[in-house]
Amino acid sequence: MMELLLDLISAVCFILGALLILSGGVGILRFPDFFTRMHAAGITETLATSLILIGLMLIAGWGLVLFKLVLILLFILLTSPTASHALAKSALHGKLKPILHNEHSK
């Protein structure tokens, strides 16, 4: 019974992670400028990856595999936001301006 519950929760994590990856891909294609596209990519990378790794952790059980998955999750949670911030800051220093208004809304 407990195994079935863990499998169900991990399947939900996988499905949510896949949906977030899909929505992030749509955001990267549809958003108008670099900064909004980077936001879609950064959120997708952090949250979707975390959900997929949590799903894998639930399936893995106790052991070395779980420890490795936790280390990967910690690495992703520490490096992804930092890399997104550094990329946005370098784009601003490179004189790339965000789109502040929509031309079609006038």
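**Helix α2 and its neighbours**

Let's start with the crossing of α1 and α2, which is left-handed (the near helix is turned anticlockwise from the far one by less than a right angle; clockwise would be right-handed). Helices here are DSSP runs of H or I with at least four residues, numbered from the N terminus. This is a predicted model, where local features need pLDDT of at least 70 and side-chain atom pairs count only at pLDDT 80 or more, while totals for chains, interfaces and linings use all residues. Residues are numbered from 1 along each chain as its sequence is written, and side-chain values use heavy atoms, with hydrogens and water left out.

Back to the pair: the axes of α1 and α2 sit 8 Å apart, at an angle of about 165° (axes are lines fitted to C-alpha atoms over the stretch in contact, and angles between N-to-C directions run from 0 to 180 degrees). That makes α1 and α2 roughly antiparallel, a label used for angles over 145 degrees. Their contact has 19 nonpolar, six polar and two charged residues (Ala, Val, Leu, Ile, Met, Phe, Trp, Tyr, Cys and Pro are nonpolar, Asp, Glu, Lys and Arg charged, and the others, Gly among them, polar).

For a look from the α1 side, take S10, which belongs to helix α1, residues 2-30. S10 is buried at 2% relative accessible area (buried is under 20%, exposed over 50%, partly exposed in between, with a 1.4 Å probe and protein chains only). Leaving aside residues up to four places away in sequence, S10 touches G55, L58 and I59, with contact meaning heavy atoms within 4.5 Å.

Now α2 itself. Helix α2 covers residues 34-60, and its end C-alpha atoms are 38 Å apart, which agrees with the 39 Å that its 27 residues should span at 1.5 Å a residue (expected span is 1.5 Å times one less than the number of residues). The buried set in α2 includes F35, M38, L51, L53, G55 and M57, and the buried residues of α2 pack against both α1 and α3. Just past α2 comes G61, with a positive phi of about 75°.

On the other flank, α2 and α3 have axes 9 Å apart and an angle of about 175°, so they too are roughly antiparallel to each other. This contact divides into 20 nonpolar residues, six polar and one charged. Helix α3 has 30 residues and reaches 43 Å from its first C-alpha to its last, close to the 44 Å expected. Among its buried residues are L66, L69, L73, I76 and S80, and the buried residues of α3 pack against α2.

L73 shows that packing up close. L73 is buried, at 13% relative accessible area, and touches S50, L53 and M57, again not counting residues up to four places away in sequence.

Last stop: the segment after α3, where K95 lies. K95 has a positive phi of about 70° although it is not a glycine. At 66% relative accessibility, K95 counts as exposed.

Note on methods. Helices (H or I, at least four residues) and strands (E, at least two) are DSSP runs, numbered from the N terminus. Angles under 35 degrees count as roughly parallel, over 145 as roughly antiparallel, 65 to 115 as roughly perpendicular and the rest as oblique.
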